[in-house]
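Please consult the sequence and the coordinates shown here.

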Amino acid sequence: MNYISDILYWISTGLLVPVIILLIFFFIRSLILIGNFFGQYIAIRKTEAMLRKEFAELTPANLDQLVDKLPKKSNSLVIRYIRKVMEVKDSPAHVSRLLADYEIMADKDLAISKTLNKMGPMLGLMGTLIPMGPALVGLAAGDISSMAYNMQVAFATTVVGLFVAAIGFVTQQVKQRWYLQDMTNLEFLSEMFNEKKNA
């Protein structure tokens, strides 16, 4: 039994370095995500205000003029897909496929936020529990400095893991709202084409 316990202890202790490396990687990735998120936020604010105005005035009669009112140079995903939908407006099958493609692209953009949201707490908890074994051994042996070092590692990994998860959670919630609004606009545009065709 002691032999099996020793194997588990060695495995868990050996995982500490990979866990810390992954936490550092996800921490850096979360900082990059914050930068991209703010850039995306500024672009979406401009696009959303413009689209809200245009879609409020949209009717089957002036539907074909929408493409001329869109910004010529825009990196916005929804603007690109509005243009694509306008190109294949006479084919409901192609429009449906474009809407599905948009959902896939939106989910792909959300993937890093979802990963950070889930992996942050997992790695943080692993990074907390792994050093606790050596810390307790140090405490039993009277080695206070070893115990203090291991506890420091345990608390640091917890904080970093929670920070990573918080960034993932917040960005995921906000981006989901953005993409839901954009998907609503694309579906509305699709329905307008059907209405014009049936008129």
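Q: Which element gives the most residues to the lining of the largest cavity?
A: In this predicted model, the largest cavity is lined by I44, E48, W178, Q181 and D182. The elements that give two or more residues to this lining are α2 and α6. With three residues, the greatest contribution comes from α6.

Q: How many cavities of 30 Å³ or more does the structure hold, and what is the volume of the largest cavity?
A: The structure holds one cavity of 30 Å³ or more. By class, the lining of the largest cavity has two nonpolar, one polar and two charged residues. The volume of the largest cavity is about 40 Å³.

Q: Which element gives the most residues to the lining of the largest pocket?
A: The largest pocket holds about 430 Å³ of space. Of its 23 lining residues, Q40, I44, N75, S76 and L77 are the closest to the centre. At least two lining residues come from each of α2, α4, α5 and α6. The element that gives the most, with eight residues, is α2.

Q: At what angle do the axes of α2 and α4 cross?
A: The axes of α2 and α4 come within 10 Å. T47, M50, L51 and F55 of α2 make the contact with V78, I79 and I82 of α4. By class, this contact has six nonpolar, one polar and no charged residues. The crossing angle of the two axes is roughly 35 degrees.

Q: Which element gives the most to the largest nonpolar core?
A: The largest nonpolar core has 25 residues, and those with the most contacts inside it are L66, I82, Y102, L186 and L189. Two or more residues come from each of α2 (16-56), α4 (77-87), α5 (92-141) and α6 (144-198). With seven residues, the element that gives the most to this core is α4.

Q: Which residues are in contact with Y102, leaving aside its neighbours within four places in sequence?
A: Y102 is among the residues with the most contacts inside the largest nonpolar core. Contact here requires heavy atoms within 4.5 Å. Beyond the sequence neighbours within four places, the partners of Y102 are L77, V78, Y81, Y179, D182, M183 and L186.

Terms used. Residues numbered from 1 in each chain as written. Predicted model: local features only at pLDDT ≥ 70, side-chain atom pairs only at ≥ 80, totals over all residues. Heavy atoms only, no water. Core = buried A, V, L, I, M, F, W, Y, C linked by side-chain atoms within 4.5 Å. Buried < 20%, exposed > 50% of the residue type's maximum accessible area, 1.4 Å probe, protein only. Helix = DSSP H or I, 4+ residues; strand = E, 2+ residues; numbered from the N terminus. 1 Å grid on protein atoms, 1.4 Å probe; cavity = no way out; pocket = protein on both sides within 12 Å on 5 of 7 lines; lining within 4 Å. Points joined across faces, edges and corners; volume = space filled by probe spheres on them. Nonpolar A, V, L, I, M, F, W, Y, C, P; charged D, E, K, R; others polar. Axes fitted to C-alpha atoms, helices over the stretch in contact; angles between N-to-C directions.
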